[in-house]
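Let's take a friendly walk through a protein structure, one piece at a time. Keep the picture open beside you as you read.

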Amino acid sequence: MKIEHKIYLSNAVHIILIVLIGMFALQNLNEILTKFRFTVIAEGLNANFLEMRLAEKNYFLYGDNEALDNIRTRIDQTGETLLQVRPDIIRAVGAEKYTTLQNHLHAYTQLVDSISKASHRDSAVQQKLREAGQNLKTFSENITDLESDRIGAIIVGSKNILLYSFWAVVLFAFLFSNLIVRNIGQSLRKVVDLTRAISTGNYRKIEEKPSNDEIGAVISAINTMAEELQKREKELVQSKRLASIGVLVAGVAHELNNPLNNISMLAQTYAEVYDGLSKEERVSFMERVDEETERLRVIIHNLLDYAKPKEQHLARATTNQVIQKILALVQNMLDVSNIKVMLTLGEHLPDIYIDEHQIQQVLVNMATNAIQAMGKGGELRIVSRYLPDNDEIEIEIGDNGKGIAPEFLDHIFDPFFTTKEESGTGLGLWVSYGIIKNHQGNIRVASQVGAGTTFIITLPSCKKLKRCTDGEA
Amino acid sequence: MAKHSIMVIDDEKIVGDMAKLSFEQDGYEVETFLNGESALERLKERRFEVVVTDLKMKGVDGLEVLRSIKKLYPGVKVIMITAFANLDVAIEALRDDVHDFFPKPVKIKELKASVKRALGEE
């Protein structure tokens, strides 16, 4: 469900709850009001009865006919009132009680009617009247008390229910919003993780199908973006490689042109001066042609070799051990040029998973370049360290030689690029670059003219590649 | 009549050797050099009428030779040959007043014709 809808739903539920509680309270209040009105009437009735009894007492005390009339008047009033409030009484206490009340009144009325003349002295009559009156009064008071109790009960009940529902609503609101916040929080965290992974070049997608809501829409969009980014990166790498191939092809053409020219010139000159040549000289010409074709063959073979995708024989290796091995290989060169070695090898470095022969080739290439840049008596600096953020090993090989001009730094890994005056195919760094890239690593250069050059190689740990046991698939 | 003198500069030995054989057949005097420095040194000692030089050499390259000659020995004609023939380089050389420009592999006949023209212009 969309988050929008979840929130609407929550609001609706809250509103309904509040409305229900309100209606309940309102209903109770109405009931109380009704009962209250009834008690007012009942009190009126009771007051009437009181007056009636007073008149009754009066009559029996003084034999006053006026008192008797008074009683009769009161009875009539009561009768009228009873009729008026008949629906209220029936609603409040039921028809049965009303009938009983009426009967009591009727009995009383009859008794009063039977009194006349001189019965005010008749104590038996007095007694009967008194009893009937008492009945009436008591019954009426019971009804009133009943209603009062009921009102009390309703008020207490309402109070409790309102209190409980208040807490229930608060609890519900708290739980529900908590749920939604956690829900949204989780989804957002997924999005953050995803974008973070993408920014480090790790283009994995979120595997599970994105949910059918706003967050899901965001995740879908990010997945699409990640795909596009990956495509663009591939294209970029491809075009870089094509550019590199362009340079390579130009370099190849140039390399091949010299032997070709030699063969051509040998052939042209041979044809021209043939008559004047001795047998040995003629043979010599052809031998030189052959030499040049051999030169061509070697150049082409080397290039094919460089162009072949490198078959790797990968195994777990310890970085510092590899470094020590290549140092042994270049030791002679170091001694000849009187170069000091400064080693700063990190401790407890995680192992790497490499084709050791190829990586040695790269390190030897770096070291050789450094030695050649320094001439006599320089310092070769080798550092190894662990980069925990990326789970990678970093190797630095630096010299304090003449350095490389900034305009060349961009091209330093191009094939056939060389700043060296002496021989060198210019392919060493290009090949090294390819090897490191094939190991999911990275290689870059930092240099300052006059101060020196440093190559920085990073390689993933065997754990990052999930290859710490060779058996892992 | 004094023989015409030609200097050939190329780090490929065969180029110098073949050029020497070929031009000497036609009665030229030829001296060959494997790098720019030794050639420029020689030029201090002896006057050559035409200098044929490769473009891309270690150390002093063909363009430097061309500029030096134009500065120090303006009458000397320079012809450039190169395995590395692209337009930018050709334009640069032409700007520096190179007489002719040949990509490798070189046709010796054409080279000879160009040398003749260079001498004819004297």
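Predicted model: local features only at pLDDT ≥ 70, side-chain atom pairs only at ≥ 80, totals over all residues.

Residues are numbered from 1 along each chain as its sequence is written, chains are lettered from A and ligands numbered from 1 in the order in which they are written, and side-chain values use heavy atoms, with hydrogens and water left out.

Let's begin with the overall make-up. Chain A has 10 helices and 7 strands, and chain B has 5 helices and 5 strands. Here helices (H or I, at least four residues) and strands (E, at least two) are DSSP runs, numbered from the N terminus. Of the 473 residues in chain A, 36% are buried, and of the 122 residues in chain B, 53% are buried. Buried means under 20% relative accessible area, exposed means over 50%, and partly exposed lies in between (1.4 Å probe, protein chains only).

A contact means heavy atoms within 4.5 Å. In chain A, 74% of the contacts between residues at least 6 apart in sequence join residues at least 24 apart. In chain B, residues 24 or more positions apart account for 62% of the contacts with a separation of 6 or more.

Which strands does S1(B) run parallel to? One is S2(B), residues 29–33, joined to S1(B) by 5 bridges, and another is S3(B), joined to S1(B) by 4 bridges. Two strands pair if DSSP finds at least two bridges between them. Val8(B) has Thr32(B) as its bridge partner in S2(B), and Met7(B) stands opposite Val51(B) in S3(B). Together with helix H1(B), residues 13–25, strands S1(B) and S2(B) make a right-handed β-α-β unit. Right-handed means that, with the strands pointing away from the viewer, the path from the first strand over the helix to the second runs clockwise.

Next comes S4(B), residues 77–82. Because 6 of its 6 residues are buried, S4(B) is largely enclosed by the rest of the structure. Lys77(B), Ile79(B) and Ile81(B) point one way, while Val78(B), Met80(B) and Thr82(B) point the other way. S4(B) pairs in the parallel sense with S3(B), residues 50–54, over 5 bridges. The chain crosses from S3(B) through helix H3(B), residues 62–72, to S4(B), and this β-α-β crossover is right-handed. S4(B) also pairs in the parallel sense with S5(B), residues 100–103, over 4 bridges. Follow Ile81(B) here: Asp54(B) has Ile81(B) as its bridge partner in S4(B), and Ile81(B) has Phe102(B) as its bridge partner in S5(B).

Helix H3(B) holds Leu72(B). Is Leu72(B) buried or exposed? At 53% relative accessibility, Leu72(B) counts as exposed.

Let's turn to helix H5(B), residues 108–120. Its buried residues include Ile108(B), Leu111(B), Val115(B) and Leu119(B). Seen down the axis of H5(B), the buried residues fall within an arc of 160°, so they line one face of the helix; the arc is that of the directions from the helix axis to the C-beta atoms. The face turned away from that buried side carries the exposed residues Lys109(B), Lys116(B) and Gly120(B). What covers the buried residues of H5(B) includes helix H5 (214–273) of chain A, together with S1, H1, S3, S4 and S5 of chain B.

Finally, visit Glu394(A), which is found in strand S5(A), residues 392–399. At 9% relative accessibility, Glu394(A) counts as buried. Its side chain is joined to that of Arg385(A) by a polar contact of 2.5 Å. A polar contact is a pair of N or O atoms within 3.5 Å; within protein, one must be able to donate a hydrogen and the other to accept it, and residues adjacent in sequence count only if both atoms are side-chain atoms.
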